[in-house]
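Here is a note for a colleague opening this structure for the first time. Please read the points with the model in view.

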Amino acid sequence: MTEPTTTAAAAGTAAGYKLALLSLPVIASLIAFWLGIRFVPLRAGQAWNDLINRVMGCLASSFILGTIALVLLMQHKPDVFTAGAALARLATFPPEAGFFVITGCVFVLCSIPGPWIVAAVFLWLERRKDRDIGELAAEIRAGMGIPRLPASAVAAPEKASPADITTKT
């Protein structure tokens, strides 16, 4: 015969689920940030500015890529959100809490490439410090394979000859 579950055991189980549910996004964000600092150390002499740039890159990447990833996840894998709601119910939270945990984890994962993208843009700009905006645009166009149109092709449209005007009236 099985032993009935006590109130203390049920409360302990619910507390364990709550701890797992609430700590998952926090732990994921700490690991992501630690990996970023570990493999690309802060620049000596500019550590504070470098740290601010990385955090801002994380935030921008999180909200831009994270929104796209959430929409794709909702369309292609809606069961993930059902599982999050089930986990929230097990932790005696409202089911909406599971949605926010899944959303938080997606935003954390999407924040990881942010500092790398910001660093690449700043490095690209640093290497082209002495060029003006026209030269930078030409280099970007050439890199994308877009041919540059001559100025005469972009100039004013053709005017109709007087003979064409009289024959149409």
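Which residue's side chain meets that of K129 in a salt bridge? The partner is E126, at 3.0 Å from N to O. Point 3 takes this pair further.

1. **Basis.** This is a predicted model: local features need pLDDT of at least 70, side-chain atom pairs count only at pLDDT 80 or more, and totals for chains, interfaces and linings use all residues. Residues are numbered from 1 along each chain as its sequence is written, and side-chain values use heavy atoms, with hydrogens and water left out.

2. **Overall fold.** The protein has eight helices and zero strands. Along the sequence the pattern reads α-α-α-α-α-α-α-α. Helices (H or I, at least four residues) and strands (E, at least two) are DSSP runs, numbered from the N terminus. Of the 169 residues, 18% count as buried. Buried means under 20% relative accessible area, exposed over 50%, and partly exposed in between (1.4 Å probe, protein chains only). The accessible surface comes to about 12700 Å², and 70% of it belongs to carbon and sulfur atoms. Such areas come from the Shrake-Rupley method with a 1.4 Å probe; for residues, only the protein chains shown count as cover. Among contacts (heavy atoms within 4.5 Å) between residues at least 6 apart in sequence, 61% join residues at least 24 apart.

3. **Salt bridges.** The count is four. The rule asks for a side-chain nitrogen of Lys or Arg within 4 Å of a carboxyl oxygen of Asp or Glu.

4. **A network.** R128, R131 and E139 are linked by salt bridges. R131 and E139 have their closest N and O atoms 2.3 Å apart. For E139 and R128 that distance is 2.6 Å. E139 lies in helix α6 (residues 133-144) and R128 in the loop between α5 and α6, so this pair ties together parts that are 11 residues apart in sequence. R128 is buried, at 17%. E139 is partly exposed at 25%, and R131 is partly exposed at 40%.

5. **A buried arginine.** R54 belongs to helix α2. Its relative accessible area is 10%, so R54 counts as buried. Leaving aside neighbours within four places in sequence, R54 touches G36, I37, V40, P41, L42 and P115.

6. **Nonpolar patch.** I64, L65, I68, L72, I117, V121, F122 and L125 form a nonpolar surface patch with about 710 Å² of accessible area together. Patches take residues with over 30% relative accessible area and no salt bridge; like charges are joined within 9 Å, nonpolar side chains (Val, Leu, Ile, Met, Phe, Trp, Tyr) within 5 Å. Helices α2 (47-76) and α5 (114-127) each supply at least two of the patch residues. L72, in α2, is partly exposed at 41%.

7. **Record versus model.** An unreviewed UniProt entry lists residues 20-40, 52-74 and 99-125 as "transmembrane region". UniProt positions are in the numbering used here, feature names are shortened, and annotations may be inferred rather than shown by experiment. In the model, residues 52-74 are 100% helix and 0% strand, with end C-alpha atoms 32 Å apart. Residues 99-125 are 93% helix and 0% strand, and their end C-alpha atoms lie 39 Å apart.

8. **Cysteines.** How many disulfides are there? The count is zero, by a rule that needs a pair of cysteine sulfur atoms within 2.5 Å. C105 is buried at 16%, and C110 is buried at 13%.
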